[in-house]
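Student: I would like a close look at one part of this model, and then the setting around it. Please keep it brisk.

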Amino acid sequence: MMGPEAFSRLVDEHSAALILYARQWCAAPEDVVQEAFLKLVGQRKSPEHPVAWLYRVVRNGAISAVRSAQRRRRHEEAAGGRTPAWFVPSEAGSLDEQAASAALRELPLELREIIVAHLWGGLTFEQIGPLVGCSSSTAHRRYLEGLLALREKLEKPCPSQPPIRS
Amino acid sequence: MSESTPDPKLAELEKSLSALVPVPGRIDRDQLLFRAGQASARPFVWLWPTTTGLLVVVATVLGAALALRPVPIPVGKVVYVTIPQSAADFAPMPQVDSSASSRRPGSAAELDDDLWAGSAEYLRQRNQAIRWGVDALPASPSMASASRLPTLEGMLGLPEKKPEHLGLFPLKF
């Protein structure tokens, strides 16, 4: 069983990225991530790679949550129409976070989840392959494909706001 | 597999994207750690439900065995009793002639034989009384020989006196 220090460090370091990962599917990613952490504590034997294990549990939980709450989510989206921010606003970065969020949202899910798991989750392609159900080389190829698509979207001139800051 | 990106423009984009910090979300860290502590403190949460289920199964099986137990079949037993019809059946059993002459008087064997003979006689008379009543019993030898008991006068060498009356209280006033 995992110790309290290791567990709190895991929460501090990976909860935000896990929420971003779960947000690719469901509208309430915090609940899914919290349940995943509690499942990790309930494991009698700690998994060999807890971060990869957490991403798999979050992915499964988010997919089942979106299936069970599909009708409600559709209703909420139709009523509200607002989407939560994915990244913390920052002036220091060279990339606008809203533009990056918008470009990411337009990507297909199979490309987007690999980019999120690798860039912000820190998973290797050997870990991403079993997670998304493909080989590591396929995961790498999809990652590059997603980056190319993102670059095309971000380089596209925006009339209101330039996507890339100088 | 190489994790690096071959295209330098893609590598730059990758670096810019990874610099973005995801929104931490609305996870209450303290509540999460508290619930994690609760979850980790219940490692044997399955113990009592499992025990309860097991005992319910055992109780159900025992109850079913008690309810479906086969009823024992009563066994009828006929006892035939032969009733004597002739008077010969009333004849007393012949006395056991113990060969007392061949044994030394006062020996252990003689005492044992006397004891057995007395027991046999007692059993025979008891069976006779149970079957035919007390009237069917023969006259008691003790009563028959009561008149021949030695008297006090005879034992002292005095002439014997005849009883004047047979009352219970022979008092003279």
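In which helix of chain B is B:L17 found?

Tutor: B:L17 sits in helix 1 of chain B, which spans residues 8-18. Is B:L17 buried or exposed? The cut-off for buried is 20 or more other C-beta atoms within 10 Å. B:L17 has 21 such atoms within 10 Å, so B:L17 counts as buried.

Now its partners. Setting aside neighbours within four places in sequence, B:L17 is in contact with A:L95, A:A100 and A:L119. These contacts lead into the interface. There, chain A contributes 40 residues and chain B contributes 26 residues.

Next, chain A itself. Chain A has eight helices and zero strands. Read from the N terminus, its elements run α-α-α-α-α-α-α-α. Chain A has 166 residues, and 37% of them count as buried. Take the contacts in chain A with a separation of 6 or more: 65% of them join residues 24 or more positions apart.

Two helix pairs deserve a look. Start with helix 7 and helix 8 of chain A. Their axes lie 8 Å apart, and the packing angle is about 95°. Angles of 65 to 115 degrees count as roughly perpendicular. Helix 7 of chain A and helix 8 of chain A are therefore roughly perpendicular to each other. From helix 7 of chain A come A:F125, A:E126, A:I128, A:G129 and A:V132; they meet A:S136, A:T138, A:A139 and A:H140 in helix 8 of chain A. By class, this contact has four nonpolar, four polar and one charged residues.

The second pair is helix 2 and helix 3 of chain A, the latter covering residues 50-68. Here the angle is about 135°, with the axes 9 Å apart. That makes helix 2 of chain A oblique to helix 3 of chain A. The crossing of helix 2 of chain A past helix 3 of chain A is right-handed. Helix 2 of chain A brings residues including A:V32, A:V33, A:A36 and A:L40. Among those they meet in helix 3 of chain A are A:W53, A:L54, A:V57 and A:V58. The class count for this contact is 12 nonpolar, one polar and two charged residues.

Finally, confidence. The model scores ipTM 0.76 and pTM 0.55. Chain A averages a pLDDT of 84, and 83% of its residues score at least 70. In chain A, confidence is highest in helix 6 (residues 109-119) of chain A, at a mean of 93. It is lowest in helix 4 (residues 70-80) of chain A, at 57. Chain B has a mean pLDDT of 76, with 65% of its residues reaching 70 or more. Among the elements of chain B, helix 3 (residues 47-67) of chain B has the highest mean pLDDT, 94. Helix 5 (residues 141-144) of chain B has the lowest, 59. Where pLDDT is low, the predicted coordinates should not be read in detail.

How values were computed: Residues are numbered from 1 along each chain as its sequence is written. Chains are lettered from A and ligands numbered from 1 in the order in which they are written. This is a predicted model: local features need pLDDT of at least 70, side-chain atom pairs count only at pLDDT 80 or more; totals for chains, interfaces and linings use all residues. Two residues are in contact if their C-beta atoms, placed from the backbone, lie within 7 Å. Axes are lines fitted to C-alpha atoms, for helices over the stretch in contact, and angles run from 0 to 180 degrees between N-to-C directions. Helices (H or I, at least four residues) and strands (E, at least two) are DSSP runs, numbered from the N terminus. Angles under 35 degrees count as roughly parallel, over 145 as roughly antiparallel, 65 to 115 as roughly perpendicular and the rest as oblique. Ala, Val, Leu, Ile, Met, Phe, Trp, Tyr, Cys and Pro count as nonpolar, Asp, Glu, Lys and Arg as charged, and the others, Gly among them, as polar. A crossing is left-handed if the near helix is turned anticlockwise from the far one by less than a right angle, and right-handed if clockwise. A residue is buried if 20 or more other C-beta atoms lie within 10 Å of its own, exposed if 12 or fewer, and partly exposed in between; C-beta atoms are placed from the backbone. pLDDT is the predictor's confidence in each residue, from 0 to 100.
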